[in-house]
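Welcome! Take a moment to turn the model around on your screen, and then we can walk through it together.

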Amino acid sequence: MRRAAFALAVAACALARPARAQTPVELLNRGIRAYQNLDYDSAAAILSSALDRPGRALADSDRVRGLVYLGASELYRDRRDSAAAMFGRVLRLDPRYRIDQLVFPPEITGLFQQMRLVTRAVTVIVPPQAELHAPGDALPIALYATTFHPVDVAVLRPDGTPLRTLYQGGVGDSLVIRWDGRAADGSPPDSGRYRLQVASHGGDGRVVRSVAIPLDVSRVRRDTLPWPAPVPDSLILPEQAPGRSGVGALGAGFAAALAVVVLPSVVAGSASGAGTRFVVAGGLSVAAVLGFRGERRPQPIPGNIAANRTLQAAWQQQADSVHAANVAREGEVRLLIRAGAAHVTETP
Amino acid sequence: MRRAWPLLLLALAVPPGRLAAQLPRYVGVDAGMSRLEFQSASPSGGEKLSGFAALGHWRVVLRPVSLDLSYAQGRLAADTGGAVARSFVEGAAFLSVRPAPWLALKAGPHLRAYAAPGGTERWVLWEGRAHADAPLLDGEWLAYGEVWLAVASSVNVVPGASGARGAEVGLTLKMPRSPLWGRLAYAVDQARLKNGARTESLQSVVLTAGFGGR
């Protein structure tokens, strides 16, 4: 009776297809409605059709939903092995999936939990992009397992040799591993395409499932800090004042020289002047001429010179600190890690 | 002698606020040589002597006043037939204030002695001095002039002192950013005995090197 109904449902699907091409999602929803109407044969047929339809594939979340309803339908069709296989596919597709106990009865959830115990798979979550530059920075690798089982987590070079083994041991519900971006010897890797591999081991020790995620690692040089802007000309004070006339120095010097010449007669009256005084008069005259020339030269302004030196020193201090920071930045190794899509390999 | 006190008090009474060019506290010393030419004239004739003297000068600035102490000692040889060679000793102490950056007023005693085999002539002069500076270059080269007048004077020669006056003009050269400096100066003074009995004039060309304040 059931086989007849199933054949009828398949025939109905076949006849309906030419009338209007249904999308996989529409088929999926139809199959779920059939399940909810307790028409398990039709549900199984429709869901199988939706899941197996080539071309416009279902999204992973819809595929999981379809597989769960298909597994439930198969169980109610007394096809327990098929149901178990569907639930196994669900768990391999999404090891974190938890069946809704409010929607499905205990016999369904019970079988699902049994499959969870025997299916060894992990979901690996890696941020799509991470930048490691400071000590302590690391790439977080989150593992979500269906059941407790041993796993190997390693970063492999392009040629498949291990760059760094990150973890070897059991994982139960979840585990977060952190990779600091270094090779086994502690050195940063060269830029290149690496692979994060998480291998799940079966009860016999064989690798039963492997998740590989490509990691594009590139060394990034931090941008250097910009050089401080030079001191604007508007802040630079003039360091020299225009030269003075020098007439004052010339006049004072020659007046003093003249005074030396006439002083004996002014002060000592009739006393004859000492001839050596002309040495002093000559010295004063020479000093007057030199002073005249010197005063006409531009005169330095000590206050302005000091202020300009202070400005220059402050700028130089800034420049030195920027230089030191840039030297430090050039010495830093920063890694930019981009993670690709996971690729799962099942071993029968 | 009593007439000296008013001058000293006047110097000290200059308001401190006017002492704009006060130099910071420091001590300066200088020492050198001077070429001396001594002439005396009296109704009966005159004499000329010349020689050299070593001199030293010490200055301390304690705002608002400065204290100058100087000492010189040398030997005068006769340039004319009737003159007698003699030793020359001189000392002075002056308190000074600066009412303007370019001007200093000084007051104090000035002692001078000529020691000859026949006796020693001693002069005691209480002087008031005015000293003016004129910069020649960058404040490092200075021309200066100083005039002085004895407000009180005495001498141990009959008939006694009638008065004295003098002047000095010179040049100080300071090394840039250095405490060293040099001085080249010409000084002349005349002291008189009462009743025109005699006049004595002394001219000196001074060359010193100093350290510290000028």
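This is a predicted model: local features need pLDDT of at least 70, side-chain atom pairs count only at pLDDT 80 or more; totals for chains, interfaces and linings use all residues.

Let us begin with chain B. It holds one helix and ten strands, and reading along the sequence gives the pattern α-β-β-β-β-β-β-β-β-β-β. Of the 214 residues in chain B, 39% are buried. Looking at contacts in chain B between residues at least 6 apart in sequence, you will find that 56% of them join residues at least 24 apart.

Strand β7 (residues 141–155) and strand β8 (residues 161–174) of chain B run antiparallel and are joined by nine bridges. Within this pair, Ala143(B) sits opposite Leu171(B) of β8(B). The two strands form a hairpin with five residues between them, and Gly160(B) in the turn has a positive phi of about 105 degrees. Moving on, β8(B) is also joined to strand β9 (residues 180–193) of chain B, by 13 bridges and again in antiparallel fashion. Here Arg165(B) has Gln190(B) in β9(B) as its bridge partner. The hairpin of β8(B) and β9(B) has five residues between the strands, and in it Arg177(B) takes a positive phi near 50 degrees.

Now let us cross over to chain A. Where do the chains meet? In all, 27 residues of chain A are in contact with 27 residues of chain B. On the chain A side, the elements that give two or more residues are α7 (247–267) and α8 (277–296). Of the elements there, α8(A) gives the most, with eleven residues. Sorted by class, this side of chain A has 17 nonpolar, eight polar and two charged residues.

Next comes the interior. In soluble globular proteins, nonpolar side chains tend to be buried together. The largest nonpolar core here has 53 residues, and those that touch the most other members include Ala43(A), Tyr69(A), Phe87(A) and Leu143(A). Helix α3 (residues 40–52) of chain A gives the most to this core, with eight residues. Why does the core lie between two domains? Domain 1 (2–118) and domain 2 (122–220 + 334–346) of chain A both give residues to it, so it lies between them. A second, separate core has 43 residues, among them Phe292(A), Leu36(B), Ala143(B) and Leu202(B).

Four bridges join β1(A) to strand β3 (residues 139–145), and Val124(A) stands opposite Leu143(A) in β3(A).

Our last stop is Gly181(A), in the loop between β6 and β7 (192–201) of chain A. Is Gly181(A) buried or exposed? It counts as buried because it has 24 C-beta neighbours inside 10 Å, where 20 or more are needed. Beyond its neighbours within four places in sequence, Gly181(A) is in contact with Leu132(A), Leu139(A), Pro188(A), Leu335(A) and Ile337(A). Gly181(A) also lies 9.5 Å from Glu131(A), C-alpha to C-alpha, although the two are 50 residues apart in sequence.

Key: Residues are numbered from 1 along each chain as its sequence is written. Chains are lettered from A and ligands numbered from 1 in the order in which they are written. Two residues are in contact if their C-beta atoms, placed from the backbone, lie within 7 Å. Ala, Val, Leu, Ile, Met, Phe, Trp, Tyr, Cys and Pro count as nonpolar, Asp, Glu, Lys and Arg as charged, and the others, Gly among them, as polar. A residue is buried if 20 or more other C-beta atoms lie within 10 Å of its own, exposed if 12 or fewer, and partly exposed in between; C-beta atoms are placed from the backbone. A nonpolar core is a set of buried Ala, Val, Leu, Ile, Met, Phe, Trp, Tyr and Cys residues joined through C-beta atoms within 7 Å. Domain bounds come from an automatic or database domain assignment. Two strands pair if DSSP finds at least two bridges between them.
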